[in-house]
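Thank you all for coming. Please have a look at the structure on the screen, and then I will walk you through a few parts of it.

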Amino acid sequence: AVRWLFVGFCLYERGFTMAAISQADATAMPSPKHTIEVESDNDRSTAEGSSDAVSVVRRLVEIPREQGLENISMLLEQDMLNRYQAKTPELNFLLQSERAFAKLVGMKYACALNSGGIAISLGLEAMKRVLFPDDAFDQIRVYSNAFTFHAVPSACVVAGFAETLKLIEATEELVLDLDHLEECIKEDLASGHFAKGKMILVLSYMRGRVPDMHRVLELCSRYEMQLLEDSAHGYGCSFDGRMCGSFGVVSTISSQANKLVNTGEGGMVFTNNDEMQAFFIFSAGSYEELWRKHEELAPPEDVCLKYKCTVANKSVRMTNLQAALMVPQISVMQERIEQHNAMYYYLAGRTSAKFEELCGEGSSKRVVFIPQAHELVGPVYDSLQLRIMKDDGTAAQEELPALSSFLKMMQERKYSIAKFSDPANARNYKSWQYLKGEDITPEVLPKTARALLNVCDLRMLCHDTELEMEKLATDIAECFKSCFVN
């Protein structure tokens, strides 16, 4: 029963989006030797005897899955499904996971929750309570990405900032437009509605895309703006050698399906602040003396006692079952990153070559692997974003007529590929209709609207191999030729 219950644990859906690199960079990157021989059918099955490929799947998926199932069996036998029921350190998978992630991110504290969205909400609530205790919600401006998953603005609304949330434009590289951010800050200060030091930036590393963090920190310092990092798509990424998730007062991750670590649902919130960690522990669902079970990840006793009876219990803890799946995946997370990145570079180079071969000389300029915005980004390419260009290799100012046909043909080949410009896509601000209508129009966010045009989004698998990337490159080129080449 346990095995069937968790059969989907590491199947990683093929819904495609992968962060970026330019074609020039792709061809310049050394590709690993093509020694893997597996079947390339779309259900991702491996061929018997293909030992190299099997070793990738075995190492990165099957072994962690088997270990996770063994962990779950032990928890069921010992009745330790709740984090506070864990009576032995080796079965307290939540504490093990929190310690490992806090160390990875470089933060003092971690608290595991049931989603990345609630992690953002609690982070904002903690910042309001600790940093702005005497300020009304309408006195605190919150800035966040106009291009992100809708859970991010939703979390801002849930935390009480619906009226003061301001969406910031995206650049062509799909990161937060820092020029637009500073323009908005200056406008807010000039208006008199908001004051210096009464601002929060909820920075989402959507699809693993990281802006110039040196400038982000400079803006935060100049305007006394507090930073919350949404690293749902960004853990494992770094900037100038520093791990994403370590720059802000608060940072968060998600372990929902398709993430680098997949527990179906789940998330964590991180901070170095004692009072905020106390708020997280008691908001998540600790009561009486259970906070002591967080051991060194609990703040000092006097801080905990201050929050113990003054924080509403939202009952949003992660279960020990989810953490039992998480622990073995953490141990292979770096290997998954390396495999993702190696396959990304291989795919970028092979796609360019396939275009030249199948669609004609010079045709590779028609598809761009959208690059990272800054050379100091240490990427995790677990998704792919392609921008389809005009005949002359420049970006179109409207949707290309053949785009929908191209996507449909790719979908018929069993790729879960989508376009960001679709108003029904949850990553498109037009679908966030719980926000004020006047804030989510192309007239208000013209740069973001242009940036999302003709961008195709596709998730990658941690056990992808060169043979599968060869097939994907061929499929992209063949579908493009059928739809775009006269």
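Predicted model: local features only at pLDDT ≥ 70, side-chain atom pairs only at ≥ 80, totals over all residues.

Which residues does Gln 397 touch, not counting residues up to four places away in sequence? With contact taken as heavy atoms within 4.5 Å, Gln 397 touches Arg 450 and Leu 453. The C-alpha atoms of Gln 397 and Ala 449 are separated by 9.6 Å, and these two are 52 residues apart along the chain. Gln 397 itself sits in the loop between β12 (383-388) and α13 (403-412), where helices (H or I, at least four residues) and strands (E, at least two) are DSSP runs, numbered from the N terminus. Gln 397 is exposed, with a relative accessible area of 59%; here buried means under 20% relative accessible area, exposed over 50%, and partly exposed in between, with a 1.4 Å probe and protein chains only.

Residues are numbered from 1 along each chain as its sequence is written, and side-chain values use heavy atoms, with hydrogens and water left out.

Turning to the whole protein, there are 15 helices and 14 strands, and buried residues make up 58% of its 486 residues. Of the contacts between residues at least 6 apart in sequence, 75% join residues at least 24 apart.

Now to a pair of helices. The axes of helix α4 (residues 93-105) and helix α11 (residues 320-330) come within 8 Å and cross at roughly 45°, the axes being lines fitted to C-alpha atoms, for helices over the stretch in contact, with angles running from 0 to 180 degrees between N-to-C directions. The contact is made by residues including Phe 93, Leu 94 and Phe 101 of α4, and Ala 323, Met 326 and Ile 330 of α11.

Next comes helix α6 (residues 151-158), in which Val 152, Pro 153, Ser 154, Ala 155 and Cys 156 are buried. The elements that cover these buried residues include α5 (116-131), β2 (141-145), β3 (165-168), β4 (199-204) and β5 (225-230). Just after α6, Gly 160 takes a positive phi of about 105°.

Finally, some words on cysteines. Cys 111 is buried, at a relative accessible area of 1%, and Cys 220 also counts as buried, at 8%. The structure holds zero disulfides, a disulfide being a pair of cysteine sulfur atoms within 2.5 Å.
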